[in-house]
Amino acid sequence: STKTLTFTPALASGTTLASRILANWGSNTNVTEDFRLTGSSPLRDLGTNSGAPPIDLDSSPNGLAVTPDGRFLIATLPLFARLAVLVILPDGRLAHVPGSPFRSDAGSADGLALGRGGARIYVADAGTEGLEVSLYSMLPGGTLMRTAGSPFRGPGGTANILHLLPDGRALAASLTLANLIATFAIGPDGIPGSVDDGFDTE
């Protein structure tokens, strides 16, 4: 349902003075909170209530993930075999970091999963010779660096969705054409190792 917010007093354009918000969530109970706008406060168009404009990636994105610190959004672009790294600005707008989109080290880039607080990026590759997973390291500014030996291969079909298990010791990959889920053992250095492709989803 639609929520109603009433500002008392009405806010002047560009004001940073302390104000009070009166919220009524439809339960006949009014709640007041003091607040103050700052220079970084996100703004919305009062006529449309629209947020930040979309960013054009020039290709259809597939996998999406946000780093745990909320600074970056990573999008895979399988048709271009690229990975876009976008900085999330205070007002919600997105902008490419320098060098983005980055070339995949394989012929595609589909699902992805983040490890070690977003410093490691695992990407599923739609390889023609079986299961392939690429590994990249993210530098503090958002630049991606290829890991030596990547992409890492294993038995099975094309991988799509990736999920890093909570303890970080295994990476699950959906093998969409084989109705299987494969798991990579993840070493202390983050590199995928031995593969178990024995779980049948049927």
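A residue is termed buried when its relative accessible area is under 20%, exposed when it is over 50%, and partly exposed in between, with a 1.4 Å probe and protein chains only. The structure is a predicted model, in which local features need pLDDT of at least 70 and side-chain atom pairs count only at pLDDT 80 or more, while totals for chains, interfaces and linings use all residues. Residues are numbered from 1 along each chain as its sequence is written, and side-chain values use heavy atoms, with hydrogens and water left out.

Arg116 is exposed, because its relative accessible area is 58%. Arg116 is not a glycine, yet has a positive phi of about 50°. Its position is in the loop between β9 and β10. A positive phi, of about 65°, is also found at Asp58, again not a glycine. Asp58 belongs to the loop between β3 (30-36) and β4 (64-66), and with a relative accessible area of 57% Asp58 is exposed.

The protein contains 0 helices and 17 strands; helices (H or I, at least four residues) and strands (E, at least two) are DSSP runs, numbered from the N terminus. Of its 202 residues, 37% count as buried. The accessible surface amounts to about 11,800 Å², and 56% of this belongs to carbon and sulfur atoms; the areas come from the Shrake-Rupley method with a 1.4 Å probe, and for residues only the protein chains shown count as cover. Contacts are defined by heavy atoms within 4.5 Å. Among contacts in the protein with a separation of 6 or more, 34% are between residues 24 or more positions apart.

Strand β10 (residues 120-125) includes Asp125, which counts as buried because its relative accessibility is 0%. Neighbours within four places in sequence left aside, Asp125 is in contact with residues including Ser104, Asp110, Glu132, Pro151 and Thr158. Asp110 is 15 residues from Asp125 along the chain, and their C-alpha atoms are separated by 5.9 Å.

Arg120 also has its place in strand β10. Arg120 is buried yet has no salt bridge, and the nearest side chain of opposite charge, that of Asp189, is 6.3 Å away. A salt bridge requires a side-chain nitrogen of Lys or Arg within 4 Å of a carboxyl oxygen of Asp or Glu; for charge, Lys and Arg count as positive and Asp and Glu as negative, whereas His and the chain ends are not counted. A polar atom of the Arg120 side chain lies 3.5 Å from the backbone oxygen of Pro188. Beyond neighbours within four places in sequence, the contacts of Arg120 include Leu114, Leu135, Tyr136, Pro188 and Asp189.

Ser104, one of the residues in contact with Asp125, is situated in the loop between β8 (102-103) and β9 (112-115). Ser104 counts as buried because its relative accessibility is 6%. Its side chain reaches the backbone oxygen of Ser108 at 2.8 Å.

Two cis peptide bonds can be described. One joins Ser100 and Pro101, with omega about 5°, and Pro101 is located in the loop between β7 (94-96) and β8. Another runs from Ser150 to Pro151, with omega near 5°. Pro151 is part of the loop between β12 (144-146) and β13 (152-154), and Pro151 is also one of the residues in contact with Asp125.

Notes. A polar contact is a pair of N or O atoms within 3.5 Å; within protein, one must be able to donate a hydrogen and the other to accept it, and residues adjacent in sequence count only if both atoms are side-chain atoms.
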